[in-house]
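Student: I should like to learn how to read a protein model. Please take me through one by question and answer.

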Amino acid sequence: MEVTAGTLAAKAAGPVAARLVSKLFTAPAGAGLVDNPVRIAGRLTFKGEKRTLAEKDIQRLVSTLVKRTVESMPREVSSAVTGEQDAVADRLTRTLLVLGEIDMDDVQAVQLGYEQFAAELRRAAPRAALSLSASGEAMYESLLELSCLHILQFFSQRSSFIQRTQLEQFRAIAAQARQIDLLLDRIPSRDRADVSFERDYAEAVRADHGKVRIFGLDLGRAHGRGWNLDTAYLTLEATSSRESDAGDPEILAGEHGPSSASRHDRRERIDQLLADKSRILLRGQAGAGKSTLIQWLAVGAATGSFAEELSALNHRVPFVLRLRKMSRQGILQPRPSQFLEVDDCLRADSQPDGWADRVLRAGRALLLVDGLDEIPPFERDEAKEWMARLLELYPRTLTLVTVRPSAVPVGWLDEWNFEELSLCSMNAEDRELFVERWHRAAQTVSETDGTALEAARERQELTRLRDALLRTLGTSPDLSALADSPLLCGMICALHREWDGTLPKRRMDVYRAALSMLLVRRDQQRRVGASEGMRLAEEEQLAMLQRIASWLVLNGRVEGEKSHAEGQMARLLPTLPEVERQCTPQDAFNHLLNRTGLLRETSVDTFDFIHRTFQDYLAAKEFKEERNFGLLSSKAGDDQWADVIRMAVGHCDPNDRSQLMKEILDRGDSVEEAEEKRRIHLLLGSCLPYASRLDGEVRKAVLSRVGKSLPPRAQEWLQYAMVGEQILPELRKFAAEHTDWGWLPSTAVQAAGSDSLPLLRDLMSVCSSRMRTRIAHQWHNFDTATFASEILSGRDLSSVQVDVGNVEQLAEIPSLGPVETLICNSSIPQRELSSHLLRSRVSWLVLGDNQVVSDISFLGDMPDLCSVTIFGCPRVGDLSPLAGIGLGSLYLDRLGAEVDCGTVMGIARGIDQLRNLGMQMPSLRGLTGMSPIPQVEQLLLYGVRSYEDVGLILQAFPAITRLFIQLKDPCDPLDLSPLAVRPELDLDIPSAGTAGIEVLGRENFPDARLSLDPPDAS
């Protein structure tokens, strides 16, 4: 369908597309041979003062283009898009309108080519084509590329383009020559063998890690082929694992600087959080996407495909080390030359001698260590020792380690400066995008596996199911909470399709139904009868899988040897006479491996379950059926058994469930070691959502133990959230008896979702402004209007920090009265910012990570404004509007290229009331010759790479009493001696302690006034 639509669009709609493009752009004046050529946005006829086209005009032009295309199609082709013409036109109009946000000129656009230029437009409008059918999407894609082709043709035919292209080429050649000279000086020498091998290795990384399984999409195939990460990967959100005083304005601007404004206690996209970190311990629940993230990072780094935040990882050399493989091979402390071997890389034998060592020495490596929780505790200590030695020898190695939440204590890798992040559950937007992609992929399967008529019917059915599932998830909080991870969301999509629109309501029921679908329906859908001469019932297959899963869990393994599994089959088959009559133990295991879709080969001799969740579920079922309650209670303090125990509770009938939980309660009460007691009680609390029916006294006893263990320690709040809504009374009781509970709002919302609103509303009326800020941070988890009316409206927000992430939230701000600090950390359009902020009473405004705002003149009309923070706004270049505002605090970082320290200081010098100033300062030498600014008392310098002469700071800012310096990639010694003339100065240079550089002159400052370590956010 795509080829047909594209060909017809090109032939029939070409003249219409050409007329559309000619109306979109104005003709240039002059030869265009200027140093700063006009950006594409400046040539549009629907932007600026002299606009000639309105949005409705563009829509009319696009509608004509779509109509001509459809009219030229044969009836059997056009029928597939009947009813979607308006939708396609609307999506294409929406995409073309983002031309005004593309930051490039016509030369750059033509150099990209029409396909890459179309990709830039898609990136600027990523959700434009969502909800279209496969046929509608194919038509949209064809017309978008056709439009881009004509846009570039329009550019290239102008005389000014030809002349300026020659000039640009000359400049580019000269610039490349200079860059090559610099690179030759900076990049360590590598011979041709290294370069050639790295090219081959990048291909191997893509082959080994470039595909991901999507549950439910390979049921009709003999072997799941996997789906390209490019289309299947979903960028999830994460939080910093340490709670901090995110609401404290002084910390907001002082301790961390504006680029970190409100980072703690916030969900952010994982790529944004990874961007400025070099060592990370990433925690995540089963199925949260940890291993898929490892694959995505490896492929993106190897192929150099990252954009924006992660571009610094491009062409780093990824080393993927899965600890379970290393454990199986008995190599938990591999040498660099063994990295590819332990990853089973087929290129391992062809790597040049010493290549891995050279990569690590040069600081070009990306070390990705997956599955710390998948090896026994004693092996974790061995792996930890190995990582410490490796990073001491190669300190510039970027490192990411993944682990389940409770497998290692908080701060386990603090000694080596690891930062901890936790993957969040999927939000509503993530779920919607996942459901869209799942059904789109399912349509692709149907188009390749059936006839054209069958494929058309299947597309129509999948569209109906997709829309129905999205409606269900949008109206059912319980079901949407269940679809909280990619694994579970994939299961729900598959079951919804399998059960024709109906769904199970409990997590255990989802697992049970998914297993049944794999064991029974998979071969039925493939029309496979008795395989290998065997016909096995679901119960018999479950019994064999349970035996293998329980054997793996008992031995602390997630990967097993086939010979051991066959041994388990030999011992089990006498209890399954129908199976024993049909096959040998080897045949039985091969059937499970080849037919169930639950096991996969990891090497010639080894296997594992397709996901550890299935292993834990089946093992728990085996232990429950064998009534191994003593075994389960004895393992309650072992984090590797936590999911098994939770699922065993879910498998039990009410009587057995009460008995099992009583035994675990007794175990927890009897242990003397406080930490183990705490772990066991928390585990019991997390079992409650799996216990739909439970003796009341047992439930009461469990909640009592959980309540007594409050407050959580650092990241433990996520474990308390696993108790579910039943923890709300314990949280309410704790809040009534304590005043400091910054962790509580996050815990309540994560545990109970919308059911936590009454608790938050009651607390908002009685708590301190610091705690009200914590509650306000939860706005993004709720319906905008509901949270505003029930939680924020009518409250005293004059000393509260409020975050807004979209236009809908911003529109509520004027009705809330005075707000101390408002943080807008997203690309909210210029018009909406000025419209709503001019009607708001905000004291401190933070504009961050906004790729579209350019004009900040509206700030001068905000009557209550006294502090401004702007960071990550690359189109903001004119700071003159700030000069007329009586600001007491001003913090600026990562703005337009034309903004340097001289620009900022020129503005600051004219603001008499200014006492606090923050700015980007790549080199302290930039202060040379600057006229002093005597009114500034607190100074923050961000991104300082060159810091030879700190004495220049006092010359430019003679009255400062507090100095914060954020060093960027420090390696040279830092000499504080020139600041010794001001011993009363408070100095905060956290990156100096993190990097471990030599600090001279520190003896001149009392310890109370000098901080070289990151703030303790725990």
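**Inside the chain**

Student: Into which classes do the residues of the lining of the largest cavity divide?
Tutor: A cavity is a set of points on a 1 Å grid over the protein atoms alone where a 1.4 Å probe fits but cannot get out, and lining residues have an atom within 4 Å of a point. Ala, Val, Leu, Ile, Met, Phe, Trp, Tyr, Cys and Pro count as nonpolar, Asp, Glu, Lys and Arg as charged, and the others, Gly among them, as polar. The lining includes Val-553, Gly-556 and Arg-557. On this basis the residues of the lining divide into three nonpolar, three polar and three charged.

Student: What should I know about the model itself?
Tutor: This is a predicted model, in which local features need pLDDT of at least 70 and side-chain atom pairs count only at pLDDT 80 or more, while totals for chains, interfaces and linings use all residues. Residues are numbered from 1 along each chain as its sequence is written, and side-chain values use heavy atoms, with hydrogens and water left out.

Student: About how much space lies in the largest cavity?
Tutor: The structure holds five cavities of 30 Å³ or more. Helix α28 (residues 612-625) gives the largest share of the lining of the largest cavity, three residues; helices (H or I, at least four residues) and strands (E, at least two) are DSSP runs, numbered from the N terminus. A volume is the space filled by probe spheres set on the grid points, and for the largest cavity this space is about 70 Å³.

Student: What percentage of the residues of the chain count as buried?
Tutor: Buried means under 20% relative accessible area, exposed over 50%, and partly exposed in between (1.4 Å probe, protein chains only). The chain has 1018 residues, and the share that count as buried is 55%.

Student: How far apart are the end C-alpha atoms of helix α5?
Tutor: The expected span of a helix is 1.5 Å times one less than its number of residues. Helix α5 (residues 85-97) has 13 residues, so the span should be 18 Å. The distance between its end C-alpha atoms agrees with this, at 18 Å.

Student: How many residues apart in sequence are the parts that Tyr-201 and Phe-319 tie together?
Tutor: Rings of Phe, Tyr and Trp (its six-membered ring) pair if their centres lie within 6.5 Å; planes under 30 degrees apart count as stacked, over 60 as edge-to-face and the rest as tilted. A search of the whole structure finds 15 aromatic pairs. Tyr-201 and Phe-319 form a tilted pair, 6.5 Å centre to centre with 35 degrees between the planes. Since Tyr-201 lies in helix α10 (residues 192-209) and Phe-319 in strand β6 (residues 317-322), the pair ties together parts whose separation in sequence is 118 residues.

Student: Are Tyr-201 and Phe-319 buried or exposed?
Tutor: Tyr-201 has a relative accessible area of 4%, so Tyr-201 is buried. Phe-319 has a relative accessible area of 1%, and Phe-319 too is buried.

Student: Which kind of pair do the rings of Phe-589 and Phe-607 form?
Tutor: Their centres are 5.1 Å apart and their planes lie at 65 degrees. That angle is why the pair is edge-to-face.

Student: Which residues does Ser-946 touch, not counting residues up to four places away in sequence?
Tutor: Ser-946 lies in the loop between β19 (938-944) and α43 (951-956). Its relative accessible area is 17%, so Ser-946 is buried. Taking contact as heavy atoms within 4.5 Å, Ser-946 touches Pro-922, Ser-923 and Leu-924.

Definitions and conventions
On a 1 Å grid over the protein atoms alone, a cavity is a set of points where a 1.4 Å probe fits but cannot get out, and a pocket is an open set with protein on both sides within 12 Å along at least five of seven lines; lining residues have an atom within 4 Å of a point.
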